[in-house]
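Please read it with the model open.

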Amino acid sequence: MFANRKFLAAGAAALALGLSAAAAQAQTWIMASGYPEDNFLTQNIRLFIEEVEANTDLTIDLQSNDTLIKLDAIKTAVQRGQVPMGEIRLGVYGNEDPMYILAGVPFLAPTYEDAWRLKEAQKPYFAEKLEAAGLMVLFYQPWPGQGFYTKTPVETLADFEGKKLRIYSTATQKMGEMLGFQATILPFAEIPQAFSTGLIEALFTSPQTGIDIQAWDNTDHFTYAGAIYSKNAVIVNKAMFDGLPEDTRTAILNAASLAEERAWKMSAETTEAQIGILAQNGMTTTEAPEPIMARMREIGKTMVEDWRATASPEAIAVLDAYLAE
């Protein structure tokens, strides 16, 4: 009898330890993103999460559309460990390092293939930069090409003169000013209010963003230029990532690799359909006239040289390696 009691006690203790270990492995992480659920970037993140959850004991609770943390504050929140993961727009951080805005130089990487090559050239630089801040990039997602949202048709450069333009990075601000706009950097979430108060009257952004903020409520024309394929990055707090079991880390990295390849495909496939959605909602959609495209190419060349003047030798080496390919 005594022996049986010892056996039962030992079995109960082992079961408790097993349950405790399982509970320790099963975690829920919160992830912050600034974009709506029907944005293809968010949809790709959802697919990434599904794959992680199918292959690990980690649950990821995605808080999208600025519901938890505003887009511009996500990088700091992940760095401080307020949330383990988040999605950031790299062009927001040009004041920290010129590398963050390199992809925003018009016509530096004017196709998806070029944008992928530039991303590959930048990866080691960003990895080192972000690791020093306690962060790690899991994967990159490209925005579609960009265009101008205006209230009146765009036929010549004179149509831009003095217009109040919302842009999203220091690189696009410089481009806007060189095109004749009064360019203002504003967060995504502030666009509708900025239109209603007269702070802006035009946008330079992707078809996806135009759909997200229902640009047809405030503008009538979308003039597509392509020109820029800027990137978002899905980042993780590195210390928290390193604290996961090895098999969980491997599964996350595998899912991230698939998500990055899928993001490029999704972005390319959705552009034409998104321009169609703008048209369905009453917007006139056109390609940018050649004089405007030519001026943007000239601006791009000037901006590359300006970028070189502010970048470190290490950053310039990344640009030169990309251009040499």
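The points below go from the whole sheet to single strands and then to the helices.

1. The model is predicted. Its open sheet has 6 strands, in the order β7-β6-β8-β5-β9-β11. The pairing is mixed. β7 (182-185) and β11 (284-287) are the edge strands, each pairing on one side only. From one strand to the next, the twist averages 25°.

2. Look at β5 (146-150). 5 of the 5 residues of β5 are buried, so the rest of the structure largely encloses this strand. The cut-off for buried is under 20% relative accessible area. Q146, F148 and T150 point one way from β5. G147 and Y149 point the other way. Both sets are buried.

3. With β9, β5 pairs in the antiparallel sense over 5 bridges. With β8, the sense is also antiparallel, over 3 bridges.

4. β9 (residues 221-226) and β11 run parallel, joined by 4 bridges. Here H221 stands opposite T284 in β11. Strands of a sheet pair through backbone hydrogen bonds, either parallel or antiparallel.

5. Which strands does helix α9 lie across? Helix α9 (residues 246-280) lies across β5, β9 and β11. It runs at about 165° to β9.

6. Helix α5 (residues 170-178) lies across β6 (164-167), β7 and β8 (202-205). The angle of α5 to β7 is about 170°.

Notes
Residues numbered from 1 in each chain as written. Predicted model: local features only at pLDDT ≥ 70, side-chain atom pairs only at ≥ 80, totals over all residues. Heavy atoms only, no water. Pairing = 2+ DSSP bridges. Helix = DSSP H or I, 4+ residues; strand = E, 2+ residues; numbered from the N terminus. Axes fitted to C-alpha atoms, helices over the stretch in contact; angles between N-to-C directions. Contact = heavy atoms within 4.5 Å. Buried < 20%, exposed > 50% of the residue type's maximum accessible area, 1.4 Å probe, protein only.
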